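Please keep the sequence and the structure in view while reading.

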Amino acid sequence: MKAKWPRALIQDGWGLSVCFVLLSSLVLVVIWGITMMHVSSEKKMAMESASGESKNMAAILASNLNDRLDRAMLYGSVANKVLDGDATAAEYLNLLFNGDTAYVRSAVFDAEMKLRYSSSGSPTEGGFADLIRQMHPAASNDSDDAARKVGSVVLGKAEGYAWRIPLLISLNSPRNNVHGFFVAVLDLGRFLTDYQKIGDGYRISVDGASGLPLVTLSDGKLIGNTSEGIVSKSSGNENTHSLPGVSNYQKVEGYPLTITVSMDPDFIVADLTQSHYEYIRYAIVISIAVVTLTLILIWISYHRKKLYQRLERSEREKICLIEQLEKEKTRAYQLASHDYLTGIPNRMLFNELAAAELSRAKRSPNLYALFFIDLDGFKPINDTLGHAVGDLLLQSVAQRLCASLREYDLVARLGGDEFVVLLSDIKYQSQIADIADKLVKTVGAPFLNIAGHEVCTSLSIGIALFPDDGHTVDELLSKADTAMYAAKKAGKGAYRFHDSGMRGAHVSRLPTGTRYLSA
């Protein structure tokens, strides 16, 4: 069973083609699955790396911005000295002159809202005074928790500084009374300008308490947004603004500000694009090779199927031819070895079978006898009633002879009206005479319907014994033929043994009126 199914599958061209298609489809699925998995894995790794990088950058920016905001407390201490009358302390409040570019303006007011110092040299600072009036009612007198407020942009859009935010610090006296106020403007644009060299693909924004960006650095360009209004120190407001790509948020500790660093996904995977194109190109080339190989295998399987069909056709024709030849051989052998009229062996086959039987007889203690039989009066029957009746008579005689003998006894027709019988393995000599007597009686009975005629005939039998009368078939035939003629001379319808020494033993067994003549 196991050895037959591959051959059957090969012979079935369509079945094999379906197997090839399914196998190639599986290979293509594996190839493209691995390719896309590899591409997706590299993109995922790149996004994770970018996320970590943006997270670190947001933490650094938030820490730097916190330092800048906390630096205002130092300036508040200097402003206290200015209010105490230290004229030299005012030099340290010129923030731009001191190299602190994040603060663009500053001013000091006393408790009566009089301007005591302005970095711009202006005699009045109306905008700062309005901010103080707005924020002072909510100011705390606890110097350890000085009120640090991040308010809205107070300078108009006409000046183009929408990302500048003012900071107010309440200055307390030793008795914790309000001593004055320090006000400064933090320029977030200048703060972000320090990170313009980071490169393309990054987007950094400083978001207010509502989560909307105050200023954004995108691809090296600053984008200012509208003011939010005054907000107080808080750590509970959450950032809700979302930027495309990989984004990470970091709140500025102690202030209602959030640093958002995002990266464009196309920028993140830009370095992988070429390698991904290579992966896909390799997958396409392999897929084309697989499809081509599949088509070739399908073509081969189709032609193999045609070849197998031709071979099967040839084998069937060969088998039919062999069967026909066997039939012809059997028929030829039948014609060559059997009598065409009676169907019993002819002289040639009889000689072969008898020779083989006599070779076995040499090793047997039993007797073998050869009967030479001739029909009495056959020629007159043939001449008067016709050859057709004669042929039917010969067939009937052959049937009676075969029916009267054992299955392994050999009966043959030598030609004309002559028959021959070889008896094998006879234990007693008397049995041979009994068999001859039976044949004479059986065939001697009238044939009641031979083509509508009642025909009577008799047998003349000559008997030769092995090995007394001969050791070969020819010797036995010759001796039996001589004995048969002796039987005919005795009056026909009788049998005779060639060996005259057996005469006495057989005469007594003959029926009344049976003649016995010596050969």
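Is aspartate 437 buried or exposed? In this predicted model, aspartate 437 has a relative accessibility of 15%, and because buried means under 20% relative accessible area, the residue counts as buried. Its salt-bridge partner is lysine 441, with the closest N and O atoms 3.4 Å apart, and lysine 441 is exposed, at a relative accessible area of 52%. Both residues belong to helix H10 (residues 429-444), where they are 4 residues apart, about one turn of the helix.

**Salt bridges**

The count of salt bridges in the model comes to 8, and three of them are set out below.

| Aspartate 376 | Lysine 488 | 2.7 Å |

Aspartate 376 is buried, its relative accessible area being 5%, and a network of salt bridges links Asp374, Asp376 and Lys488.

**Helix H7 and its buried side**

Helix H7, which spans residues 347-361 and has 15 residues, reaches 20 Å from its first C-alpha to its last, close to the 21 Å expected at 1.5 Å a residue. Its buried residues are Leu349, Phe350, Ala354, Glu357, Leu358 and Ala361. Why do they lie on the same side of H7? They cover an arc of only 155° around the axis, and therefore share one side of the helix. These buried residues pack against helix H6 (270-337), helix H11 (473-489) and the strands E11 (367-376), E12 (410-415), E13 (418-426) and E16 (458-466).

**Serine 404 in helix H9**

Serine 404 is part of helix H9 (residues 387-404) and counts as buried at 12% relative accessibility. The side chain of serine 404 reaches the backbone oxygen of arginine 400 at 2.8 Å. When neighbours within four places in sequence are left aside, serine 404 is in contact with Lys438, Leu439 and Thr442.

**Nonpolar cores**

The largest nonpolar core holds 49 residues, of which Leu65, Leu93, Phe182, Leu186 and Ile259 touch the most other members. Several elements each supply at least two residues of this core, including helix H2 (13-83), helix H4 (188-193), strand E5 (178-187) and strand E10 (258-263). Helix H2 gives the most, with 14 residues. Isoleucine 259, not counting residues up to four places away in sequence, touches Ala58, Leu61, Ala62, Leu65, Ser205, Val206, Asn248, Tyr249, Gln250 and Val252. Apart from this core lies another, of 37 residues, among them Phe419, Val440, Val443 and Phe497.

Conventions. Residues are numbered from 1 along each chain as its sequence is written. This is a predicted model: local features need pLDDT of at least 70, side-chain atom pairs count only at pLDDT 80 or more; totals for chains, interfaces and linings use all residues. Side-chain values use heavy atoms; hydrogens and water are left out. The expected span of a helix is 1.5 Å times one less than its number of residues. Buried means under 20% relative accessible area, exposed over 50%, partly exposed in between (1.4 Å probe, protein chains only). The arc is that of the directions from the helix axis to the C-beta atoms. Contact means heavy atoms within 4.5 Å. A polar contact is a pair of N or O atoms within 3.5 Å; within protein, one must be able to donate a hydrogen and the other to accept it, and residues adjacent in sequence count only if both atoms are side-chain atoms. A nonpolar core is a set of buried Ala, Val, Leu, Ile, Met, Phe, Trp, Tyr and Cys residues joined through side-chain atoms within 4.5 Å. A salt bridge is a side-chain nitrogen of Lys or Arg within 4 Å of a carboxyl oxygen of Asp or Glu.
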